[in-house]
4 protein chains.
Amino acid sequence: MPDEKERRVWNALNSFRIELPSWGFANTGTRFGKFLQPGAATCVQDKFADAAQVHHLTGVCPTIALHVLWDLQNGESSVAEILSLATTYGVRPGSINPNTFQDQEYKYGSLGNPDQAVRNRALDHLADSVQIAKRLESRDISLWFADGSNYPGTANIRQRKQWLAEGLRATHQKLKDKQRLLVEYKPFEPCFYHTDIADWGMSLLLARAAGERAKVLVDTGHHYAGQNIEQIVAWLLSENMLGGFHFNDRRYADDDLTIGSIDPYQVFRIFHEIAFFEFETGEEPDIAYMIDQSHNIKGKMEAMVQTVMTAQELFAKAALVDHEFLQKAQSKADVINAEECLRDAFATDVRPIIEAWRKSNGLPVNPLQALHESGYVSQISRDRAEKNSAAISSYA
Amino acid sequence: MPDEKERRVWNALNSFRIELPSWGFANTGTRFGKFLQPGAATCVQDKFADAAQVHHLTGVCPTIALHVLWDLQNGESSVAEILSLATTYGVRPGSINPNTFQDQEYKYGSLGNPDQAVRNRALDHLADSVQIAKRLESRDISLWFADGSNYPGTANIRQRKQWLAEGLRATHQKLKDKQRLLVEYKPFEPCFYHTDIADWGMSLLLARAAGERAKVLVDTGHHYAGQNIEQIVAWLLSENMLGGFHFNDRRYADDDLTIGSIDPYQVFRIFHEIAFFEFETGEEPDIAYMIDQSHNIKGKMEAMVQTVMTAQELFAKAALVDHEFLQKAQSKADVINAEECLRDAFATDVRPIIEAWRKSNGLPVNPLQALHESGYVSQISRDRAEKNSAAISSYA
Amino acid sequence: MPDEKERRVWNALNSFRIELPSWGFANTGTRFGKFLQPGAATCVQDKFADAAQVHHLTGVCPTIALHVLWDLQNGESSVAEILSLATTYGVRPGSINPNTFQDQEYKYGSLGNPDQAVRNRALDHLADSVQIAKRLESRDISLWFADGSNYPGTANIRQRKQWLAEGLRATHQKLKDKQRLLVEYKPFEPCFYHTDIADWGMSLLLARAAGERAKVLVDTGHHYAGQNIEQIVAWLLSENMLGGFHFNDRRYADDDLTIGSIDPYQVFRIFHEIAFFEFETGEEPDIAYMIDQSHNIKGKMEAMVQTVMTAQELFAKAALVDHEFLQKAQSKADVINAEECLRDAFATDVRPIIEAWRKSNGLPVNPLQALHESGYVSQISRDRAEKNSAAISSYA
Amino acid sequence: MPDEKERRVWNALNSFRIELPSWGFANTGTRFGKFLQPGAATCVQDKFADAAQVHHLTGVCPTIALHVLWDLQNGESSVAEILSLATTYGVRPGSINPNTFQDQEYKYGSLGNPDQAVRNRALDHLADSVQIAKRLESRDISLWFADGSNYPGTANIRQRKQWLAEGLRATHQKLKDKQRLLVEYKPFEPCFYHTDIADWGMSLLLARAAGERAKVLVDTGHHYAGQNIEQIVAWLLSENMLGGFHFNDRRYADDDLTIGSIDPYQVFRIFHEIAFFEFETGEEPDIAYMIDQSHNIKGKMEAMVQTVMTAQELFAKAALVDHEFLQKAQSKADVINAEECLRDAFATDVRPIIEAWRKSNGLPVNPLQALHESGYVSQISRDRAEKNSAAISSYA
């Protein structure tokens, strides 16, 4: 590694870890139905096995995000099973994801429901989730609320805001030690008129109302068309309110496509804003990088490995930006040179450097090809096929 | 009816009929799950019963759109049952909707699938659907293709265009007498990178390639943000290519909210363009008005009755536009007066006139209230509750 | 006024005042050029005369927003002239609008400019504007910053955020008594990559950083497609951060069309959220209603009168919502009835009540028609034609 | 050049030419004003000089698009001057751009204006433009119509469609030999309610109505948010209706940023669809690649050189796609490998190959740096400064 470029990329790769979502290995789909994959995970053990395989091939995915309702079906009683799986597979539990949108009771919302009994039920589930996270030694509880309404006039927007603030504050009080609440926002879907936490501003205000260990969770797919996500990231950094990311890509709505598949330059710019913040402040913000995608067409395992490789690649490119030069160009409003500084980093083909880094770390040079050669997908497709042919759902 | 306004509204109401979708009475939802309604229809008989009730209350819904896969589960063999239900309930079969998106085989498309066997399967289903339509004496076969791709490079866009054109041509050849093919477009969902029939221009070209009885089907929710739907309607009218509508409303994507719930002025303008076309040309275009919504929060029956009432109201307002005056103002570029001409019609409260029309036709003055008073929803909620508590689906 | 509906509308009309923008009477256009109107105002006296005429016809526009650069060309020295015009024409100075975007120095921003000299220049202009406002007894200083960048990497987003915060804080310190700073946001244009104050969340954080008399200014045209403006209004109300509105309508971007011309239901919902807040809290928030439109096709005077009438009409409709009923329906998640409560108010034709109110206040029943009959537009078209034929600008 | 990759890139570069817009060298801006550049071109001679300099540095810009109103101010009488400049500077006249939007007469439209006198005026200007093009031996006449309306009801959409069709047909009849009409579309701006030619479907229908040498002109900035431009390109190719491009980039509306500055992967995909079409059909479609940007912040010359380099780079990347492999992967619905095929090409750093190509063609290896070193910008900034300090326009 004689080269400055290589050194920057290696440092970046050494520091970069990304969390796998357990639900990314299971069959998902759209409201029009699911296309079942024979190798899709059907239980939490499958999910750990799959995550372990991805980590084995890439070396940068030591944790798996867990979904309380789907992965810990007996709540706290499932903790032992999870810990055992973690030991077996060598992948630690990552962020804990409560679910306050699936049960029939949540038709009109969870923490924002006009019925106090439902609000309490949601609160209890959140408290359980914090407790589960403690037992699993998970730091982050990731909160996404589907709360909102479909038609004008049908929900009291201000009242629901207050209920959400109270619920988050109560949940925050349950936190212990270094635990954090990550508050996600989303402009729409499944609610189509108003969503109680619709944008980063709403997340930030609610997180501040909740307590100092509540931060904002940025899902890259949860923005209006044209919105500048990297600017939001820069603002959250400057406000010390950026908690983490749910990564995915999209063209239109919350399409949950694999990261960088539609607009790789944007992901690069997000990583750049973080690296630039670190350069300028000397701080290392505590950011959870997590994948949240819905691979309803791509093979689950292939999609996940491809995603990790793409994230690494774009993170590595961002590490190439010459911060001193950029700072100087910006301070002189030297538009062309400042822009070229970013463009040069993005245009650089970092794949050879990443391959060298992998080799030096005893990892397969091309994880995607290694996955193919491993026969893993064929194996799980045979093993799990029967279980996967069962549950077909349709639109109506 | 001494009054010119009243006369125009009555004429409009006398001519206006709108078709109910069988699937609008069944449980639907989002990809995050369905909120089950105890009174939701669980079989085609329920759907006929519900449609009949809506027609009974409103008097303007004599037909029900049928979905081949869900409503004629034995294909052509189910025709007799449907005809019998039609007789029993006094509601005729309306448009016939094939389904080439739900089966696992269609993962990579139907008519656009690279696998010829799958394309043939889709073609066969379309041929069956035409045959079913004949037997049911249904005029229109409504075609919505979910075909497309999720990632750049994964589909041959031009090749798929050609396959779609060939498939539509072949299907068109099966038509008999006055039957029509209605070709729907949609920018995205369930495909998120490219959709084979993404906009009205693609529908129009494919419909023309199919044959002269193929027309474009406009789903009001299937447009880009900001797109001027009434202009598309005006163009399709002038090209003699407007076949019909799927009505619903939305804020963001294809939200499938009830018509006019978000932007009633836009629906009014669509109806206005049609009425203005009739005034200027003396022609009466053959347009199928159909509802296509997904009432996953609103009560199924209430939503449908409310929808019909709203459609009537906006159609009636459009009938109030003074076409002579408008034409003159437009021809002089008299911007303010031309606009005020539309605004005046929209601002007029036509509800009293509609109520009078209902009374004179022996219909309940307020169908929504009549529905409530009829006890119908309570009744079906009791009768169907058990069957509806079964099939809960979740995201992952 | 025996009727409860009429009483509500009268109360609403008695309380509703809306401010006219001086620049709404002058020739404006798009980047492709201006279509000149012979009667357009060419000096501040013309603007006062036009505003006075609108107030004379409608009775609800006692103030005119002034633009420091265009209306007080000698800065504080122009104050005497303005005060004299105010006396002559009976229209008071309203909000004061600094301009930190037009001068060549502001090419790379004003308060966010990397050059300290430019930042100081902007600060000085803001201080002058506050001083002018004091002298004119204007309460509000409306701040719109065009600051931002056109290309990735060319601006230091966090650094600029800090400069903006400092500049606003310094400006806030100049305020006296009841003066307020209104901080506007806009997603894009004239900057196309990033805008320093891009959304309500950024406005709110900067306003809070500035001081307690800084509030958020909502321009209805400055939102992403699909964004729920009334929800933002409700949140700002609940945070005590809503300072005022710039009203206009649009389909796509910041089109600056006349209010309610594209989506009247949305304006109604905004007014509703305010009225509902007042009902629930008993508070009367101090909200400046201001028009900010660019009538480049409509006649200036006609557009303004039409705008005021439309705003009144939608404000009056919002006053018809039955808050007790709505509150109850919302608390029971009675979706249909809650929505119908809003729909009923919107569908009501309030024009006859407004006409009665006008008559009782000695105002023309139809201000638009009265404008026409007054001959005012013909008169100013003759008087000002020559001055208006001068300054044609083109794209390149 | 032993390498297949290099060979493909060299072939691509040998074939790639891109046309410079004369107006790209002049001062432009937004409706809020223009930031003047001292070196901006102020006359057609300046524009030729600047274009020649760009061609000198890059070697791939032999033509300059001309704007009839701005560059041939005496109409056909200016032809001699243009031909002389072409000889002097070694840059040929490219596409000819009529202007039917700037004059005051066009307030309510040109070919779609309800006043026949204005329609005739526009027709005459189009005929003059065809004649000028003949005299200049320019093949393409590029037509962009700003026609449309700002408010519902104010324009007769169908009638205007017919007038546009007639006008285009009449203009087409004036064409000679290989001349072509290119019909551009744009969803909005400067019209904000409806634009007469709003999308590719409208362009295509009007071009077909005009005649066989009328084709569609795709401006990359003229699309709805999220619209798949490369799909439109593929459809136009398959319909033999793609005439050319106006290249620029954007985040929101028609931002006219430099190509590839916001979403380079999209430009790559557009070039890919064209290359793939050529591979599959063996045809070489006659496509005019033209730049159409508004550099109101970037230096005019720097922006243009940077643009040409970026276009080359993305065109070269597209040439790297392995078509045989891709075709096979697509035909098997091998999603991951098909996508990786594109991603691999895009990730490749083609800059070293391009530099070698430049060297071998006697061109500066880095044209942007060569521009800087040439002192050209400093020179024109000194020479033209005075003329450029004149015409400042403001918003109101």
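This is a predicted model: local features need pLDDT of at least 70, side-chain atom pairs count only at pLDDT 80 or more; totals for chains, interfaces and linings use all residues.
User: What radius of gyration does chain A have?
Analyst: The radius of gyration is taken over C-alpha atoms, and the globule rule is 2.2 Å times the number of residues to the power 0.38. With 396 residues, a compact globule would land near 21 Å.

User: How much of chain A is buried?
Analyst: A residue is buried if 20 or more other C-beta atoms lie within 10 Å of its own, exposed if 12 or fewer, and partly exposed in between, with C-beta atoms placed from the backbone. The C-alpha trace of chain A spans about 65 × 55 × 40 Å along its principal axes. Of the 396 residues in chain A, the buried share is 63%.

User: How many helices and strands does chain A have?
Analyst: Helices (H or I, at least four residues) and strands (E, at least two) are DSSP runs, numbered from the N terminus. For chain A, that comes to 15 helices and 12 strands.

User: Which strand pairs with strand 5 of chain A?
Analyst: Strand 5 covers residues 92–97 of chain A, and 5 of its 6 residues are buried. Two strands pair if DSSP finds at least two bridges between them. In this pairing A:Leu66 has A:Ile96 as its bridge partner. The strands run in the parallel sense over 4 bridges, and the partner is strand 4 (residues 63–67) of chain A.

User: Which residues touch the most other members of the largest nonpolar core?
Analyst: A nonpolar core is a set of buried Ala, Val, Leu, Ile, Met, Phe, Trp, Tyr and Cys residues joined through C-beta atoms within 7 Å. In soluble globular proteins, nonpolar side chains tend to be buried together. Leaving out residues up to four places away in sequence, A:Val183 touches, among others, A:Leu143, A:Leu168, A:Ile197 and A:Leu206. In the largest core, with 497 residues, the ones touching the most other members are A:Val183, B:Val183, C:Val183 and D:Val183.

User: What classes of residue make up the side of chain A that touches chain C?
Analyst: Residues are in contact if their C-beta atoms, placed from the backbone, lie within 7 Å, and 39 residues of chain A meet 39 of chain C that way. Elements giving two or more residues to this side of chain A include helix 6 (157–173), helix 7 (200–210) and helix 9 (264–281). Ala, Val, Leu, Ile, Met, Phe, Trp, Tyr, Cys and Pro count as nonpolar, Asp, Glu, Lys and Arg as charged, and the others, Gly among them, as polar. The tally is 22 nonpolar, 12 polar and 5 charged.

User: Which residue of chain B comes closest to the axis relating it to chain A?
Analyst: Chain B goes onto chain A by a turn of 180 degrees and a shift of 0.0 Å along the axis. Both copies use the same surface, as 100% of the contact residues of chain B recur in chain A. At 2.0 Å by its C-alpha, the closest residue is B:Arg31.

User: How many residues of helix 7 of chain D are buried?
Analyst: This helix covers residues 200–210. What covers its buried residues includes helix 7 (200–210) and helix 8 (229–238) of chain B. One of those buried residues is D:Trp200. The buried count is 9 of 11.

User: Is A:Asp256 buried or exposed?
Analyst: A:Asp256 has a positive phi of about 55 degrees although it isn't a glycine. A:Asp256 sits in the loop between strand 11 (242–247) and helix 9 of chain A. It has 22 other C-beta atoms within 10 Å, so it counts as buried.

Note on methods:
Residues are numbered from 1 along each chain as its sequence is written. Chains are lettered from A and ligands numbered from 1 in the order in which they are written. Two residues are in contact if their C-beta atoms, placed from the backbone, lie within 7 Å. Copies are superposed by least squares on the C-alpha atoms of residues with pLDDT of at least 70 in both.
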